[in-house]
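Hi everyone, thanks for coming. I'll take you through one structure today, starting with a sheet and ending with a pair of helices. Have a look at it on the screen first.

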Amino acid sequence: MISILFLAADPADASRLRLGEEFREIQEKLKLARLREHFKLELPQLSVRPADISQALLDVQPQIVHFSGHGASLGALCFENPAGKIHLVQPGALAALFEQFANQVNCVLLNACYSETQAKAIAEHIEYVIGMNQAVDDKAAIAFAIGFYQALGAGRTIEESYKLGCVQIRLQGIAEHLTPILLKGKRASVSPVLTSSIAQDKSINVLQLPPRQYREFIGRQIQLDDIENALNDTLGRWIIGIDGIGGIGKTALAREITERLLAKKSFEKVVWEQSHRDITMTKSSRGLTYDGVLDAISYQLEAFDLLQIKGKEKEARVKNLLRKYKTLVVLDNLETAQDAQNAIVNRLASILSFSKALLTSRHRFSGDVFSVHLTGLVEEDAIDLIHREAKNKNVSQVENADTNELRQLVISSSGSPLALKLVVGQLGHLPLKIVLEQLSLIHIPEDGAEEDDYVSFYKGIFMPSWKLLPENSQSLLVSMANFPAGIGGTFESLKEISGLSNSILIRSIDELWRLSLLEVEKSLSLNNIRYYLHVLTQNFILSDIVRA
Ligand SMILES: Nc1ncnc2c1ncn2[C@@H]1O[C@H](COP(=O)(O)OP(=O)(O)OP(=O)(O)O)[C@@H](O)[C@H]1O
Ligand SMILES: [Mg+2]
C-alpha cells in the first residue's frame with residue numbers, strides 16, 4: 001500500500017489558492033485508478049505549521065508527500081503560524097527534516113511557486129523530488145497533479161507520471177509545461193549490497209505480474225517453444241497447463257513466456273491471477289474460485305461494472321470481454337484453488353473465445369488441456385544455473401569445482417532450480433564436500449512424487465541453510481513468514497515486524513539473500529524495494545521451525 005500525505009498551507013496574508021480543489025482532483029483520480037487498492041490518500045493536513053509536518057510524517061508514514069501552497073521567490077516555502085499568517089521555512093530546514101525520513105519517503109512533490117531550490121535540497125535525501133522552477137499558476141498546478149496521480153494510479157513510474165503531469169498542463173492549454181522539474185536524488189542507502197544486484201526490469205509495465213524471482217531465465221528451451229507454439233495456435237490448444245512439483249520452476253516459466261509474448265505483442269492484454277491459501281499464523285484464507293477468476297478478468301481488464309453483477313450474466317459479459325481483446329489469462333498455483341482444478345478448466349474453456357489460458361499447478365492436468373510436465377533442469381542448464389547463481393552471490397568455491405562434483409550437486413538436487421539456488425548459498429559457507437555429504441542423506445523425490453515426499457526433500461535442503469544463520473537472521477526469517485509468500489514487505493515493514501535496528505536488519509537481509517532464503521525485488525511502479533519468501537520457504541519456516 002502506498003500512502004500519500006497531502007499537506008497544504010494557504011496563509012491569510014497571501015493570495016488565495018484552490019487547495020481544496022487540488023485535493024479533490026487527486027482523490028477522484030485515485031478513486032478511479034486501476035490500481036486504486038494500492039494507494040491510500042491520507043486525510044489532508046490543511047493550514048500546516050512547521051511542527052505539523054514532522055508529526056504527520058511520523059504518524060502517517062507516507063511514501064509520497066505532496067505539498068501544495070505558496071513559495072517565495074528566494075526558495076522558502078510558506079507555512080502558517082498560529083495566527084494563520086505566513087511562516088517561511090528555508091530549504092535547509094526542510095531538507096534536514098526529510099533526511100530523517102529518507103528510508104520511508106520515495107517521492108516529494110512541491111506544488112508551489114519557485115520550489116526548485118527546496119526540491120534540490122530535499123533531493124540530497126529523497127529519491128524523487130518534483131518542484132517548480134518559477135511562479136506557477138494555480139490552474140497549472142492542479143493540471144499537473146491530475147496528470148501525475150492519474151498515471152501513478154495506472155501503474156506508471158514516478159518519471160512517467162511526472163511527464164504525464166507536464167503533458168496534462170499542456171492539454172489544458174496552459175503554456176507552463178516546462179515549469180515542473182523532476183530531480184532524481186541520491187539513493188537512500190537502504191541496503192547498498194542488495195540494491196545493486198536487483199534485477200533491472202524495464203521491459204514491461206504490467207503491474208499485475210508477480211515479482212520476478214530470477215535474474216536470468218535459464219534453459220527450458222523445449223518447453224518455451226512448445227508453449228509458445230501452443231499459444232500462437234489459432235485453431236486450438238486454448239488451455240495450456242504447466243504442472244510439476246513445488247519449486248521446479250512453473251511460475252518462473254509462466255512468467256518468462258508471458259513477458260516474451262508481451263514483448264512480441266502476441267496478446268493485447270494479460271490477466272495474471274495467483275491463487276493462494278494463506279497459511280500464515282495470522283490469517284487463513286481459501287484459494288481461488290471460478291467466480292474469483294471472472295472477477296480477476298473483469299478487474300484487470302478494467303471492466304469494473306462487471307464486479308457488481310453475478311451468475312450467468314457475468315459469465316456472458318466476461319466472455320464478451322475475452323472476445324473483444326485477445327487476452328492471455330494466467331492462473332498460477334491452481335493446486336490451491338478452492339474449486340476443483342478440473343471444474344475451473346472446463347468452465348474456462350467455454351468462455352475463452354480466441355483468448356488463451358496458461359495455468360500452473362502442482363497437480364497434473366488432464367482432459368482438454370495441452371499440458372507440459374516440468375521435471376528438473378537438464379544437467380547442462382542446471383550447471384549453468386549454479387555458475388550464474390554463484391557469480392551473482394560471490395560464491396568463489398564453484399569456479400574451482402570440477403564438473404563431476406557439480407554433476408553430483410545436480411543429481412542430489414534433482415535439478416530443481418529452487419534446491420540448486422539453496423545449495424549454492426550453502427557453498428558460500430561450507431566446503432563442497434560437506435554440502436555433498438549433507439545432500440546424500442536426503443531422499444530424492446521421483447517424478448510424480450506425492451507432496452509429502454518432496455516437502456521432506458526440501459526440508460532436507462532448507463534445514464542446513466537454516467542452521468547456517470545467526471540468531472538475528474533466523475528471527476527475521478520467522479517474522480517474515482507472517483507476510484504473504486511471494487509478496488512480502490518493504491524495509492520499513494520488515495523493521496517493524498522484526499524489531500531489528502537498521503544496521504542489523506541490513507546485515508540479516510543480506511545473509512538471507514545470499515542463502516536464497518529471501519528474494520528482493522524493486523517494484524516497477526515506485527522505487528520501492530520488497531523482500532519476500534518463496535512459498536516453500538514460508539512453508540518450511542511455519543511447519544518445521546515455528547510449529548516444530
Ligand atoms: N529456468 C529458470 N531459470 C532461473 N531461475 C529459475 C528457473 N526456474 C525456476 N527458477 C527459480 O527457482 C525458484 C523456484 O521456481 P518457481 O517459484 O517458479 O517454482 P514453482 O514450480 O512455481 O514452485 P511452487 O509450486 O512452489 O509455486 C524461483 O526462485 C525461480 O525464480
Ligand atoms: Mg509457483
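Okay, so let's start with the sheet: five strands, paired in parallel, and the sheet is open, with the order 10-11-12-9-13. Keep in mind that this is a predicted model. Now, which strands stand at the edges? They're strand 10, residues 269–274, and strand 13, residues 370–373. Each of those has a single partner strand, so one side of each has no neighbour in the sheet. Going from one strand to the next, the twist averages 15°.

If pairing is new to you: strands of a sheet pair through backbone hydrogen bonds, either parallel or antiparallel. Here, strand 13 runs parallel to strand 9, residues 239–243, and four bridges join the two. You can pick out glycine 241 standing opposite serine 371 in strand 13.

There's a helix here too. Helix 12, residues 341–349, lies across strand 9, strand 11 and strand 12, and runs at about 175° to strand 12.

Let's zoom out for a second.

Last stop, the helix pair. Helix 15, residues 403–412, packs with helix 17, residues 432–440, at an angle of about 30°, and their axes are 10 Å apart. Angles under 35 degrees count as roughly parallel, so that's what we call helix 15 and helix 17. Their crossing is left-handed. Who makes the contact? From helix 15 it's Glu405, Gln408, Leu409 and Ser412, and from helix 17 it's Leu432, Val435, Leu436 and Leu439. By class, the contact of helix 15 with helix 17 has five nonpolar residues, two polar and one charged.

Technical notes:
Residues are numbered from 1 along each chain as its sequence is written. Chains are lettered from A and ligands numbered from 1 in the order in which they are written. This is a predicted model: local features need pLDDT of at least 70, side-chain atom pairs count only at pLDDT 80 or more; totals for chains, interfaces and linings use all residues. Side-chain values use heavy atoms; hydrogens and water are left out. Axes are lines fitted to C-alpha atoms, for helices over the stretch in contact, and angles run from 0 to 180 degrees between N-to-C directions. Angles under 35 degrees count as roughly parallel, over 145 as roughly antiparallel, 65 to 115 as roughly perpendicular and the rest as oblique. A crossing is left-handed if the near helix is turned anticlockwise from the far one by less than a right angle, and right-handed if clockwise. Contact means heavy atoms within 4.5 Å. Ala, Val, Leu, Ile, Met, Phe, Trp, Tyr, Cys and Pro count as nonpolar, Asp, Glu, Lys and Arg as charged, and the others, Gly among them, as polar. Two strands pair if DSSP finds at least two bridges between them.
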